[in-house]
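Trainee: Please walk me through this structure. I want to learn how to read its features.

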Protein chains: 2
Amino acid sequence: MTSTKTSAIPGGVLAADGFRGAATHCGIKAEQVPDLMLLVSDLPCSAAATLTRNRFRAAPTYVTEAHLRNAHAQAIVANSGNANCATGAQGMANARRMTEVAAEALNLRVEDVLVCSTGIIGVQLPILAVEQGIRHLATALSRDNPEFLARAIMTTDSFPKMHAVAFECAGYTVHVGGIAKGAGMIAPNMATMLGFVTTDLGVDAAVLADCLRWAVDRSFNCISVDGCMSTNDTVIALANGASGAPFLDRTDRAESEVFRTALLTVLEELAKMIAGDGEGATKLLTIRVVGARTFLEARRVAKTIATYDLLRAALYGEQFNWGRVVAALGSAQGAVDPRRVTVDLAGVRVWSHGEPQPFDARTAKTALAGKEVLIQVDMGLGQAAASAWTCDLTEKYVRENAGHEGPPDVQER
Amino acid sequence: MTSTKTSAIPGGVLAADGFRGAATHCGIKAEQVPDLMLLVSDLPCSAAATLTRNRFRAAPTYVTEAHLRNAHAQAIVANSGNANCATGAQGMANARRMTEVAAEALNLRVEDVLVCSTGIIGVQLPILAVEQGIRHLATALSRDNPEFLARAIMTTDSFPKMHAVAFECAGYTVHVGGIAKGAGMIAPNMATMLGFVTTDLGVDAAVLADCLRWAVDRSFNCISVDGCMSTNDTVIALANGASGAPFLDRTDRAESEVFRTALLTVLEELAKMIAGDGEGATKLLTIRVVGARTFLEARRVAKTIATYDLLRAALYGEQFNWGRVVAALGSAQGAVDPRRVTVDLAGVRVWSHGEPQPFDARTAKTALAGKEVLIQVDMGLGQAAASAWTCDLTEKYVRENAGHEGPPDVQER
């Protein structure tokens, strides 16, 4: 049981047994679109989270962190349209209030409810409308509409982001599924969005935290849209054991690896959806670094290239300006040695052995025409590899963030 | 002699006595604009430089570094339109050749000639045209047209950048003047452009290097356009002693301070010109951080805010979205404490004592209308301060770098 066979399945964050959810428009956003969701497990869950490292963290991240001290939870309440960030004491009270109302309506302890917000910064929540919405959602839970939950956390996203897989574990079928949001204020140094992932495997809370950290490091921590660290980013994992498969603890090394691989499959798909849906994006850019000495070295180089605006703009223009790839690569400093690295842009070798490589101009002209572009760098130093994902930089990103496009409350965040 | 009275004077990099220069169109660029310059001192100079830390450094940076090992120089040859970067062995030979031809034409030792290039990456120089241009320039040196030298190093710059000052030193009038270029590929972590500064003060080479490092740290190292570290960035200082003022060595602490303050005055002016002339810019943004414990802490926070694309785009749109200021501030992590910091956006207090501050909506609406925006942050921790400069992020930046605007050889860099 050293390799994991996972199959993609529908159901998103409700694919795992024993999870129900609901979403609604409670009135935070001006348009009639969902802006509040509730996700509940029928059974108590081991729970883990990764949170933004921004020092202007939003109120709900403090409440979620406090409620996770016991490493257990049973529900998540989340809203879009308002980040509840830079809102002072009133904002803290409102974030707590959201968990209190949900706990009361669901008959749970308040510390078993986690809370997330995303949207505009510095504006107080319409808390009465949110309370009313939560009470309504608690009566409307079902397994029917996972996409609606994904929609309820969208801000400038152009599509709901969900993915789920099934795999075999000790003869039982286990599910891992998730939803995520994020299109701007996506930076490379942390969990940079909202992501909720559920599983019906029973998992020891410490193992769950380890697996989540490992998988986030290789998925959400490898994407960037604009290098802007957010104030609200949160990834939460809930494991409820409803599958009946044996409980996973520290001693189950092989099964842990199977589980974390399945978890990574889901998070990586969600991360790529976020990168490809970056504000204004027309292309998904994948930067694959191989031949590094360590994973961290490979990831650092891949992410440095992914955040180089000049390259992102050139690829938007489908300019085969490979000089910007090596300039970006060199800006990673450290172990980058021009005499050892090999660089391929969209399958065309442009640099190796310390010299530029000749290539066919016609091939180069069409190489960047697709919706996806792969940049591959071989560091020539070792065996480690990592990928980073981003999108091209377009006028539309600027227009959206300058407020020149879209209604005001779509610019939230 | 603890405060320096400097007066702005014309003359740019030729303001100091004993320096001459010339510029021409040698044929690197397609348009008939200057693309090659030669700057020569009549006397041997102490010389110092700061160079890019990019690992894909251009060939001329290696040659300049080697020629500076003796800390003396007498001439700089520089071209725009071609970066001579990622050009392999041929590029190294061409960079050396530029210094050899200049040395021969000027009757100098080859190691007394420094070389810089800026422009497109990965393309070989038309070296015969460059050689011919250098030979011509050596016969055309004068003190008449400092602006022409500034123009010869421009790429996407919209105007030539030059500044000079005069000050008194031990009864003598001393001059410090410089030119610079840079509009894109401007990152916050180093000397990120070309800058040449001359003085007719005689300065010990080690003192000159110290003063240059100190002044670059507070000027060019405080600007950012796009966070993209370049491959060619070089700042060179030449001190020839032609003023007759006493030679400045390690023992002259007061005079060193006077000189480095004058140097900073020139470099800061040039740095602000670069930030305000960022590709596509409509506004110069100044981020002033006070109340930090150390200069480095203050600068790190200021530069983090200066590179936050979401904020730069919002300010382009003149959106009073102060939430993006605190999100950017918080992403600097470290010592940022929301309970201690005070934030003013364009003179409007938006955050203090851990709470958002009420402000007049009409004031906020017009506060961002000018060509300059000041963001002031008081960390509430100590006495140190620093500033960073950047520009707003506009569609024009994206269009230029996607190749959707301007002729192809204006996109060089």
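Mentor: Begin with the radius of gyration, taken over C-alpha atoms; the globule rule is 2.2 Å times the number of residues to the power 0.38. For 413 residues, a compact globule would have a radius near 22 Å, and chain A agrees because its own value is 22 Å. Its C-alpha atoms fill a box of roughly 70 × 55 × 35 Å along the principal axes.

Trainee: What kind of model is this, and how is it numbered?

Mentor: This is a predicted model: local features need pLDDT of at least 70, side-chain atom pairs count only at pLDDT 80 or more, and totals for chains, interfaces and linings use all residues. Residues are numbered from 1 along each chain as its sequence is written, chains are lettered from A and ligands numbered from 1 in the order written, and side-chain values use heavy atoms, without hydrogens and water.

Trainee: How many helices and strands does chain A have?

Mentor: Helices (H or I, at least four residues) and strands (E, at least two) are DSSP runs, numbered from the N terminus. Chain A has 11 helices and 15 strands.

Trainee: What share of chain A is buried?

Mentor: Buried means under 20% relative accessible area, exposed over 50%, partly exposed in between (1.4 Å probe, protein chains only). In chain A, 63% of the 413 residues are buried.

Trainee: How do I read an interface?

Mentor: Interface size is often given as the accessible area lost when the parts come together. Here buried area uses a 1.4 Å probe and is summed over both parts. Chains A and B bury about 4,600 Å² between them, 60% of it on carbon and sulfur atoms. On the chain A side, A:Arg55, A:Phe56 and A:Leu310 lose the most area to chain B, together 16% of what that side buries.

Trainee: How many residues are in contact?

Mentor: Contact means heavy atoms within 4.5 Å. By that rule, 54 residues of chain A meet 54 of chain B.

Trainee: How many polar contacts and salt bridges link the chains?

Mentor: A polar contact is a pair of N or O atoms within 3.5 Å; within protein, one must be able to donate a hydrogen and the other to accept it, and residues adjacent in sequence count only if both atoms are side-chain atoms. Eight residue pairs are in polar contact between the chains (both at pLDDT 80 or more). A salt bridge needs a side-chain nitrogen of Lys or Arg within 4 Å of a carboxyl oxygen of Asp or Glu. The count of those between chain A and chain B is zero.

Note on methods:
Buried area = accessible area lost by both parts, 1.4 Å probe.
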